[in-house]
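Dear colleague,

Please find the structure below, handed over for your use. My notes on what was found in it follow directly after.

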Amino acid sequence: DGMISLRHDVSYVRLVEARRRRGQVGVLGMASMRLLVTALATFLTSRGCQLQVLDLSGAPVGSELPSLLAPLAAALHGCRTRQLLWLGLAGCQLGDRGLTLLLPWLAGADNYLCRLEALTLSSNRLAD
C-alpha cells in the first residue's frame, strides 16, 4: 500500500532528534542575532548613507529591544540613510514598543528617508 514507517530507521530517528535539539530550523539564536546587529551597525556607520535596500523581514530584532533593536535604531538614525528606497521589517516581532524606538528615525524632525518608497511592517503585532 506504499505506507512505510521510519520510526525504526536508526539514521532517520537520529536526524529527527538532532533537529529537535537544535530548535527551530533556519532561525538564528539570540547570540547570532546580536552578532548580526553588531555587523550591520558597523556597516551602516561606514557605508549606510549609500544603502538603498534593507530587508530584515523575519529577523526577530524586536524580541530583545535593548540588545537588538535599540542599537540597530541608533545606527540607522546616525548613518543618515538618504538613499534608502526599501525597508523591510515584516515579521520582526517589533510590537508597539519596537516601532516607538524606530519612529524618531522613520518620521522625526531630522528625517533622512526622503526617498523611501516602501516600508513593510506586517506581522509585527502592532495596535491600530
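A term used throughout these notes comes first: a residue is buried when its relative accessible area is under 20%, exposed when that area is over 50%, and partly exposed in between, using a 1.4 Å probe and protein chains only. By that scale Arg97 is exposed, because its relative accessibility is 64%.

The model is a predicted one, in which local features need pLDDT of at least 70 and side-chain atom pairs count only at pLDDT 80 or more, while totals for chains, interfaces and linings use all residues. Residues are numbered from 1 along each chain as its sequence is written, and side-chain values use heavy atoms, with hydrogens and water left out.

Helices and strands are DSSP runs numbered from the N terminus (helices H or I, at least four residues; strands E, at least two). Contact means heavy atoms within 4.5 Å.

Helix packing

Two packed helices are described by the angle between their axes and the distance between the axes. Here the axes are lines fitted to C-alpha atoms, for helices over the stretch in contact, with angles from 0 to 180 degrees between N-to-C directions. Angles under 35 degrees count as roughly parallel, over 145 as roughly antiparallel, 65 to 115 as roughly perpendicular, and the rest as oblique.

For helix α3 (residues 65–79) and helix α4 (residues 95–107), the axes cross at roughly 15° and come within 9 Å. The two helices are therefore roughly parallel. The crossing of α3 past α4 is right-handed, a term that applies if the near helix is turned clockwise from the far one by less than a right angle, with anticlockwise giving left-handed. On the α3 side the contact involves Leu65, Leu69, Ala70, Ala73, Leu76 and His77, and on the α4 side Arg97, Gly98, Leu101, Leu102, Pro104 and Trp105. These residues comprise 9 nonpolar, 2 polar and 1 charged. In this classification Ala, Val, Leu, Ile, Met, Phe, Trp, Tyr, Cys and Pro are nonpolar, Asp, Glu, Lys and Arg are charged, and the others, Gly among them, are polar.

The axes of α2 and α3 also come within 9 Å, and they cross at roughly 10°. This pair is therefore roughly parallel as well. From α2 the contact takes in Met30, Met33, Arg34, Val37, Leu40, Ala41 and Leu44, and from α3 it takes in Ser67, Leu68, Pro71, Leu72, Ala75, Leu76 and Cys79. The contact of α2 with α3 divides into 12 nonpolar, 1 polar and 1 charged.

The nonpolar core

In soluble globular proteins, nonpolar side chains tend to be buried together. A nonpolar core is here a set of buried Ala, Val, Leu, Ile, Met, Phe, Trp, Tyr and Cys residues joined through side-chain atoms within 4.5 Å. The largest such core has 28 residues, and Leu44, Leu54, Val61, Leu72, Leu102 and Trp105 have the most contacts inside it. Two or more residues come from each of α2 (30–47), α3 and α4. The greatest contribution is that of α3, with 8 residues. Beyond its neighbours within four places in sequence, Trp105 is in contact with Leu76, His77, Thr81, Leu84, Leu87, Asn111 and Leu113.

Individual residues

Ala70 lies in helix α3 and is partly exposed, at 27% relative accessible area. Its contacts, leaving aside neighbours within four places in sequence, are Leu65 and Leu101.

Arg97 belongs to helix α4, and its C-alpha atom is 9.0 Å from that of Leu126, 29 residues away in sequence.

Gly58 is placed in the loop between β1 (53–55) and α3. Not counting residues up to four places away in sequence, Gly58 touches Ala90, Gly91 and Cys92.

Backbone points to check

Most residues other than glycine have a negative phi, and most peptide bonds are trans. Gln93, not a glycine, has a positive phi of about 60°. Gln93 lies in the loop between β2 (86–88) and α4 and is partly exposed at 32% relative accessibility. Arg125, likewise not a glycine, has a positive phi of about 55°. Arg125 sits in the segment after β3 (118–120) and is exposed, with a relative accessible area of 66%.

Yours sincerely
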